[in-house]
Amino acid sequence: MKKRLCWNQRTKTLILLAVAVFYLAGVAVWGLVGRESALVTDFSRKNLTPSLSYLFGTDWLGRDMLARTVTGLSISIIIGVCAAAVSAVIAGLLGVAAATLGKKVDAVITWLIDLIMGIPHILLLILISFAAGKGLTGVILGVSLTHWTSLARVIRAEVLQLKESTYIRTAEKLGHSKWRIAKKHMLPHLIPQFLVGLVLLFPHAILHEASITFLGFGLSTEQPAIGVILSESMKYLVTGKWWLALFPGLMLVLTVMLFDLLGECLRKLTDPGSVHR
Amino acid sequence: MKNLNFVLKKLIRMLLLLAAVSVAAFGLVSLSPIDPLQANVGQAALGSMSEEQKDKLKSYWGVDTPPVERYLNWAKDFVRGDMGVSLLYRQNVSDVIAVKLVNSLFLLLFAWVISGVLGLALGILAGVNRGRWPDKAVKVYSLTIASTPAFWLALLLLMIFAVWLKVLPVGLSVPIGMEAESVTFLDRVRHAILPAVTLSITGVANIALHTRQKVIDVMESEYVLFAQARGESTWQIIRHHCLRNILLPAMTLQFASISEIIGGSVLVEQVFSYPGLGQAAVTAGTGSDVPLLLGITMITALIVFAGNFLANVLYGVVDPRIRRGGERG
């Protein structure tokens, strides 16, 4: 490494974090404000290819695809945030419970994780959304109830390892109460893991939300979530209207990638083995 | 003897999990507030029917028996191989699934093999050349694909190859309006190319990324350093040290990817209207065809668990530590 400008992990993460927060807020606000314009139909501007005035083009009803995409993203992001938060909390509770409440509880919880992982994710989402009677609740329930498994595994392993570590055993021998040990010695270890897991859950949640709405479970056409937009565009692709699918999908990919990168950076930062690279 | 015990234990565990999947799936389906009568017969038609007709329909869709009884009946039949009658296709569920599974199997197998072989190769290539351009290329590819929904990738490929270049068909598994006898094997292959390629592209990314990590771990180890000091070439190191050490995680990945590939096939088949198991699952879900949905869930879970089981048994065959030492962890 000579004089090449090389941002270290910390700066890179901070920049990414700022971009992500800014992006989230921007999309959310724009999505709420621009909600009306996403639904405006105007037949005088039907099927326009992307141009300067309509960056993403317009669809077969003359709706502005840019407004629709942003509104769709904002819906997807809101669902994604809720689902990731719920999943993370479930993961935290069950992970800690499995590691601390004895062998039987542990067996039950690991078994439950195996069970959920045994059914392909999409199929499970279909089942849950079917159980909730399709619609928005089904999507939210499905996405939040199925994403906790991997994080729960991580947290369980972490707590198990911590319990065996020397300094915790020493603290026990010194007569500290369990609560104090948990608060002073375990939490500082777990919180970063938990937060990283939360951030990494988010892109998954969005992807699955888009997939399940794409398949036609969940939102109606008046709520233009990204999945709905893409599934509608499918009928018009064969006639060569490529922009209907390209741009909304691209925005989705960029969103997911942004948060994936952010999560990875945070993970590297919290991992002492790679923090100084 | 110990080996047999191990296998038996895993087998019992798998059967228990399968039973649990059936209970969970059945429970979820029974929770549904969707009235199959309303959804499939329609409000208007129901209004004009006599009570007698309605009762007949009710027993056809199984609305009038309590859930636990229904589950036991269903499970009893299922064990005997009778999965009930699909309400939408009006055929035995097992027949419907058999036809769809054969259609899907080509896609799934193709994607599974390609993603395994190519993923492993790319992962090793990236791991050995860590930090250089092959590594960067593989990393960019994997991270991008990991953030891309499978159905959007399918849409892109559809736009490029079917609509724009017009070299491959838009969808379905056979040409439209052709008699069943005149459909050649080549036709089938041509129609399966795009979905299979989509599935492979997504599958490769995940496996490559994980393999790369393992290879990096191996390459940083002291025995590789020693091998380098002895003057072994990169190829020798890969063959003698790298491959042997990443074989186990690679196997785990390969068998774990079954679940993901099946999940991806649901989306991809929907885009290409490919008449496979995944599309049937979506149709069953949107059309409230409970027996079919349950049947598909059970079959896919069976495939996934069988994969895991096989991986566990193969560990014993491949790993000398397990082979000699018996039980560990």
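Predicted model: local features only at pLDDT ≥ 70, side-chain atom pairs only at ≥ 80, totals over all residues.
Residues are numbered from 1 along each chain as its sequence is written, and chains are lettered from A and ligands numbered from 1 in the order in which they are written.

Chain A has eleven helices and zero strands, where helices (H or I, at least four residues) and strands (E, at least two) are DSSP runs numbered from the N terminus. Of the 277 residues in chain A, 44% are buried; a residue is buried if 20 or more other C-beta atoms, placed from the backbone, lie within 10 Å of its own C-beta atom, exposed if 12 or fewer do, and partly exposed in between. Among the contacts in chain A with a separation of 6 or more, 69% come from residues 24 or more positions apart, two residues being in contact if their C-beta atoms, placed from the backbone, lie within 7 Å. Chain B, in turn, comes to 14 helices and zero strands, and buried residues make up 37% of its 329 residues. In chain B, 75% of the contacts between residues at least 6 apart in sequence join residues at least 24 apart.

Within chain A, helix H1 (residues 9-33) packs on helix H3 (residues 65-100) at an angle of about 120°, with the axes 8 Å apart; axes are lines fitted to C-alpha atoms, for helices over the stretch in contact, and angles run from 0 to 180 degrees between N-to-C directions. The residues of H1(A) that meet H3(A) include Leu24(A), Val27(A) and Trp30(A), and their partners in H3(A) include Val70(A), Leu73(A) and Ile77(A). By class, this contact has eight nonpolar, three polar and no charged residues, with Ala, Val, Leu, Ile, Met, Phe, Trp, Tyr, Cys and Pro counted as nonpolar, Asp, Glu, Lys and Arg as charged, and the others, Gly among them, as polar.

Helix H6 (residues 135-146) of chain A contains Leu136(A), which counts as partly exposed because it has 17 C-beta neighbours inside 10 Å. Buried residues of H6(A) include Gly138(A), Val139(A), Ile140(A) and Val143(A), and the buried residues of this helix pack against H3, helix H4 (102-118), helix H5 (121-131) and helix H9 (178-214) of chain A. The C-alpha atoms of Leu136(A) and Lys184(A), 48 residues apart along the chain, are separated by 41 Å.

In chain B, H8(B) has a kink of about 30° centred on Leu158(B), the bend at a residue being the angle between axes fitted to the seven residues ending there and the seven starting there. Leu158(B) is also one of the buried residues of H8(B), as are Phe151(B) and Trp152(B). Just after H8(B), Lys166(B) takes a positive phi of about 55°.

Where the chains meet, 40 residues of chain B are in contact with 35 residues of chain A. Helices H1 (2-31), H7 (133-146), H8 (150-164), H11 (234-271), H12 (277-286) and H13 (290-318) of chain B each give two or more residues to the side that touches chain A, and the largest share of that side, eight residues, comes from H1(B). The residues on this side of chain B divide into 29 nonpolar, eleven polar and no charged.
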